Structures are given as structure tokens and as C-alpha cells.
Amino acid sequence: MTIKNGILTKSTNSSSSLQASFDQIYTDYWDKVFRLCMGYVNDDDWAKDIAQDTFITVWQQLPKFRQEAAVGTWIFRIACNNCLRQLERSSKFVHKEVDKADESSSRVNEDEINFLYKCIATLSETDRLIISMELENVKQTEIASIMGMSESNVRVRVHRIKEKLTEKFKEYER
């Protein structure tokens, strides 16, 4: 298996080829999957656990990957399913406190990022998934495919989510 332009092609099924493909996938997608999970659960350790579970599943299912979708779409679908499963199990949502200290520009940036995650955490599960993928620059056609929605529905929801988040940031700045 080899990856070229986000497309996984099957070649020889040797374990070294499979390992190389997985290593490339892990390198390319770890940060994106982690941020998607973080947008969902708003807890660093929990997001890392879910991301790790995602890559365990990717490793286990990689030989069976049918290439009906792009690799990234497949991985994001696995991550989304893992996030939903974890939230169902916990039946509660973890919120982190946001420190509003304004000591330096890097601290302000960190506070704004924490506040963004806190705002995303208040959205519905579907909206959290959509905006997390949008923030990862996943194409809206792929988001539509992952979420089982029309592309126009995704566009409308992204617009509405951005309006909600903008309003929350305006309130935060006051």
C-alpha cells in the first residue's frame, strides 16, 4: 500500500508496506484527528485517548480499506464515530475552565483558543463535528459525505455555526 495525494493504493500486502502506509497516515492525520476530538470533548487527555483509539482502528482496518472514499474521509468518519461512542458512554460533557488572564500576547492567543474550544463544546454534537472538520480544512463535500448530509446543508450549517461562534466571541470581548 502506498499513499499519493491522499489516495491509498494497494500494491503488495507485505507487512512492511502496510507499516509504511500506516506510518504515513499517522504522520499526516494525527494533529487533525486530535483537534477534531478536542473540539468534541474539550479535554486534552480524553481527546488524545480518542485519537489513539482512532488510529488503533485505522491500523486494524487498513488491510480491509475498500477505497470507496478518500483516506482522510475514512479516518475522520472513524474519529467521529469514536467521539460519539465516547460521549454516549460518559453521558456527560467535560468542560475546562478558561483562564481569562491577559498577561502576554501568547497567553491571549491561548485564552482565545481555549475559549473557542469552550464555545464549540456548547454546540450540538452534529455542529461540533461539522465545525471541527471545517477548522481542519476538510472540504465541505467530504464533510457532507462523512455526515450523511447534502453539501448545501453543510454550507448552511457552517454559516450558522460561524454566526453563533462570532456572537459568543463578541460577548467574550466585552
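**View 1. Helix 5 and helix 7 are roughly perpendicular to each other in this predicted model, because their packing angle of about 95° lies within the range of 65 to 115 degrees.** The axes of the two helices are 10 Å apart. Helix 5 contributes Thr126, Asp127, Ile130, Ile131 and Glu134 to the contact, while helix 7 contributes Arg157, Val158, Ile161, Lys162, Lys164 and Leu165. Sorted by class, these residues comprise five nonpolar, one polar and five charged.

View 2. Leaving aside residues up to four places away in sequence, Asp127 touches Arg157, Ile161 and Lys164.

**View 3. The largest nonpolar core, with 48 residues.** Within this core, Ile25, Val33, Ile75, Met133 and Met147 touch the most other members. Two or more residues come from each of helix 1 (15–41), helix 2 (44–61), helix 3 (71–90), helix 4 (105–121), helix 5 (125–135), helix 6 (140–147) and helix 7 (151–173). Helix 1 supplies the largest share, 12 residues. Both domain 1 (2–84) and domain 2 (96–173) are represented in the core, each by at least three residues.

**View 4. The contacts of Ile75, a member of the largest nonpolar core.** Ile75 touches Ile25, Tyr29, Val33, Thr54 and Val58, with residues up to four places away in sequence not counted. Of these partners, Ile25 and Val33 are, like Ile75, among the core residues that touch the most other members.

How values were computed: Residues are numbered from 1 along each chain as its sequence is written. This is a predicted model: local features need pLDDT of at least 70, side-chain atom pairs count only at pLDDT 80 or more; totals for chains, interfaces and linings use all residues. Side-chain values use heavy atoms; hydrogens and water are left out. A nonpolar core is a set of buried Ala, Val, Leu, Ile, Met, Phe, Trp, Tyr and Cys residues joined through side-chain atoms within 4.5 Å. Buried means under 20% relative accessible area, exposed over 50%, partly exposed in between (1.4 Å probe, protein chains only). Helices (H or I, at least four residues) and strands (E, at least two) are DSSP runs, numbered from the N terminus. Domain bounds come from an automatic or database domain assignment. Contact means heavy atoms within 4.5 Å. Axes are lines fitted to C-alpha atoms, for helices over the stretch in contact, and angles run from 0 to 180 degrees between N-to-C directions. Angles under 35 degrees count as roughly parallel, over 145 as roughly antiparallel, 65 to 115 as roughly perpendicular and the rest as oblique. Ala, Val, Leu, Ile, Met, Phe, Trp, Tyr, Cys and Pro count as nonpolar, Asp, Glu, Lys and Arg as charged, and the others, Gly among them, as polar.
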